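Welcome, and thank you for opening your viewer. Please load the model, switch to a cartoon view, and follow the stops below in order.

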Amino acid sequence: MPDPQDLLVERPAEGVLLLRLNRPERRNALATPLLRAVADAIETAEGDDGVRVVVITGSDTLFAAGADIGELAASGADDPIETPRYLAWAAIRAFSKPLIAAVEGWCLGAGAELMMCADIVIAAKGAKIGQPETNLGIIPGAGGTATLPRRIGQARAMHMVLTGEPIGAEEAHAIGLIARLAEQGQALADALALAAKLAMRAPLALRAAKASIRDAEHLDEAAHLRSERVRFIELLGTADKAEGIAAFREKRAPNWQGR
């Protein structure tokens, strides 16, 4: 069972849930109990209409420095594929609402893979992002070879994974791995400001937009255009669409119902 203090759960603003990794003595290593706690919080947020956006972060000096070395040492070739850890990763990726990562300092291995589960990443200048697993005689096991090349291209992903060398936040921003740069110490503040802004937007539209954009990872353009159109048509029949148009015409803030 995870220590409840390993993951701090806060509600800093209306509609916003903040998950803060809090294992400073282990550099926020994502041991399976902590990863499961993140997944449980995400799954709870999925069914909570009061949560419209989730922000995940670490400390002021690091996001997460990888998986738990003790767990890796005890693992072997007879491990099943669908372990509790594998299922936790799947639950995090299945989250349908906007997920923002705020990154300061080191973001390595499993930490980088957790970062890549986010829809929008804000990283502070000076942050370092990397997949160093080949230095341990293994490869990334939760997206470092599957998600990373889809984000930054095969050539850059090959260099990051094969060399194990981290890249700085400025380079990560230039190649599209992160969405926005923040001043050092400001990543979380910027992420919370963005989350508050997103929480004021139509929740069904945000979820549909997220799903449609992610379709680009596995659909060809023709199929993607059709799936986009299907979601567009579905939203035309919602109360939120009627409210959005009425609010626009009446020059007032919309009152979204999420239906």
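Two strands pair if DSSP finds at least two bridges between them. Helices (H or I, at least four residues) and strands (E, at least two) are DSSP runs, numbered from the N terminus. This is a predicted model, in which local features need pLDDT of at least 70 and side-chain atom pairs count only at pLDDT 80 or more, while totals for chains, interfaces and linings use all residues. Residues are numbered from 1 along each chain as its sequence is written, and side-chain values use heavy atoms, with hydrogens and water left out.

**Stop 1: the six-stranded sheet**

Start by colouring six strands, which form an open sheet in the order S1-S2-S3-S5-S7-S10 with mixed pairing. At its edges you will find strand S1 (7–13) and S10, each pairing on one side only. Direction ignored, neighbouring strands here are turned by 20° against each other on average; the axes behind such angles are lines fitted to C-alpha atoms, for helices over the stretch in contact, and angles run from 0 to 180 degrees between N-to-C directions.

Now select H1, which packs on this sheet and touches S1, S2, strand S3 (53–57) and S5. Contact here means heavy atoms within 4.5 Å. The direction of H1 makes about 180° with that of S2.

**Stop 2**

Select residues 120–124, which are strand S7. Buried means under 20% relative accessible area, exposed over 50%, and partly exposed in between (1.4 Å probe, protein chains only).

Isoleucine 100 stands opposite isoleucine 120 in S7, and the bridge partner of alanine 101 in S7 is valine 121.

**Stop 3: the nonpolar cores**

Show side chains now. A nonpolar core is a set of buried Ala, Val, Leu, Ile, Met, Phe, Trp, Tyr and Cys residues joined through side-chain atoms within 4.5 Å. In soluble globular proteins, nonpolar side chains tend to be buried together. The largest core in this model has 50 residues, of which Leu21, Val54, Ile56, Val103, Met115 and Leu177 touch the most other members. H1 gives the most to this core, with eight residues.

Centre the view on valine 54. Not counting residues up to four places away in sequence, valine 54 touches Leu17, Leu19, Ile42, Ala45, Phe95, Pro98, Leu99 and Ile100. A second, separate core of 17 residues includes Ile100, Ile122, Ala187 and Leu198.

**Stop 4: the four-stranded sheet**

Look next for an open sheet of four strands, in the order S4-S6-S8-S9 with mixed pairing. Strand S4 (62–64) and strand S9 (167–168) stand at the edges with a single partner strand each, so one side of each is left without a neighbour in the sheet. Strand S8 (residues 128–130) pairs with S9 in the antiparallel sense over two bridges. Isoleucine 129 stands opposite isoleucine 167 in S9.

**Stop 5: a pair of helices**

Select helix H9 (residues 203–214) and helix H10 (residues 221–236), which pack at an angle of about 170° with their axes 10 Å apart. H9 and H10 are therefore roughly antiparallel to each other. On this scale, angles under 35 degrees count as roughly parallel, over 145 as roughly antiparallel, 65 to 115 as roughly perpendicular and the rest as oblique. From H9, the contact is made by Leu204, Ala205, Ala208, Ala211, Ser212 and Ile213, and from H10 by His224, Glu228, Arg231 and Leu235.

Move on to aspartate 215, in the loop between H9 and H10. Aspartate 215 is buried, with a relative accessible area of 8%. Leaving aside neighbours within four places in sequence, aspartate 215 is in contact with His224, Ser227 and Arg231.

**Stop 6: two positive phi angles**

Select asparagine 28, in the loop between strand S2 (16–21) and helix H1 (32–46). Although asparagine 28 is not a glycine, its phi is positive, at about 55°. Asparagine 28 counts as buried, at 2% relative accessibility.

Finish at lysine 251, in the segment after helix H11 (239–250). Lysine 251 also has a positive phi, near 55°, in a residue other than glycine. Is lysine 251 buried or exposed? Lysine 251 is exposed, with a relative accessible area of 75%.
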